[in-house]
Amino acid sequence: MKPNKILKDLILEVVNDQLSSGEPPETRATYHRLVKDGIEEQEAKRLIACVLASELFDVMKSQRPYDHDRYAKALNRLPELPWE
């Protein structure tokens, strides 16, 4: 199955917004850590987008509110993806 380009672009837009605004701060810190560790900028954003997409899926599936701590912990585990 091909990923939905519109959804992918929207999630990457949210990642870019998080990086620009500094909210949540863990997104920017994770981005800088990944780039410092040698991951290319676009790949770092893609990895963060994977975590964001996973969190969005969990929120919709479980019908529970966004969990900032869970999101921050998943960012801290990158480049390991949430489903690995």
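Q: Is Gln63 buried or exposed in this predicted model?
A: Buried means under 20% relative accessible area, exposed over 50%, and partly exposed in between, with a 1.4 Å probe and protein chains only. Gln63 has 69% relative accessibility. Gln63 therefore counts as exposed.

Q: On what basis are residues numbered and values taken?
A: Residues are numbered from 1 along each chain as its sequence is written, and side-chain values use heavy atoms, with hydrogens and water left out. This is a predicted model, in which local features need pLDDT of at least 70 and side-chain atom pairs count only at pLDDT 80 or more, while totals for chains, interfaces and linings use all residues.

Q: How many helices and strands are in the chain?
A: Helices (H or I, at least four residues) and strands (E, at least two) are DSSP runs, numbered from the N terminus. Read along the sequence, the pattern is α-α-α-α. The chain has four helices and zero strands.

Q: Where does Gln63 lie, and what is its phi near?
A: Gln63 is in the loop between H3 and H4. Most residues other than glycine have a negative phi. Gln63 is a residue other than glycine with a positive phi, near 60°.

Q: Which residue does a cis peptide bond join to Glu23?
A: Most peptide bonds are trans. The bond in question is cis, with omega about -5°. Glu23 is joined to Pro24.

Q: Which residue does a cis peptide bond join to Leu78?
A: This bond has an omega of about 20°. Leu78 is joined to Pro79.

Q: Which residues of H4 does H3 meet?
A: Contact means heavy atoms within 4.5 Å. From H3, the residues taking part are Ile48, Val51, Leu52, Glu55, Asp58 and Val59. In H4 they meet Arg70, Tyr71, Ala74 and Leu75.

Q: How do the residues of the contact of H3 with H4 divide by class?
A: Ala, Val, Leu, Ile, Met, Phe, Trp, Tyr, Cys and Pro count as nonpolar, Asp, Glu, Lys and Arg as charged, and the others, Gly among them, as polar. The division is seven nonpolar, no polar and three charged.

Q: At what angle do H2 and H4 pack?
A: H2 covers residues 25-36, and its axis is 10 Å from that of H4. H2 is roughly parallel to H4. The angle is about 5°.

Q: Which residues of H4 does H2 meet?
A: H2 contributes Glu26, Thr27, Thr30 and Arg33. By class, this contact has three nonpolar, four polar and two charged residues. The H4 residues are His68, Tyr71, Ala72, Leu75 and Asn76.

Q: Which residues is Leu12 in contact with, leaving aside its neighbours within four places in sequence?
A: Leu12 lies in H1 (residues 5-21). At 23% relative accessibility, Leu12 counts as partly exposed. Its contacts are Lys45, Arg46 and Ala49.

Notes
Axes fitted to C-alpha atoms, helices over the stretch in contact; angles between N-to-C directions. Parallel < 35°, antiparallel > 145°, perpendicular 65-115°, else oblique.
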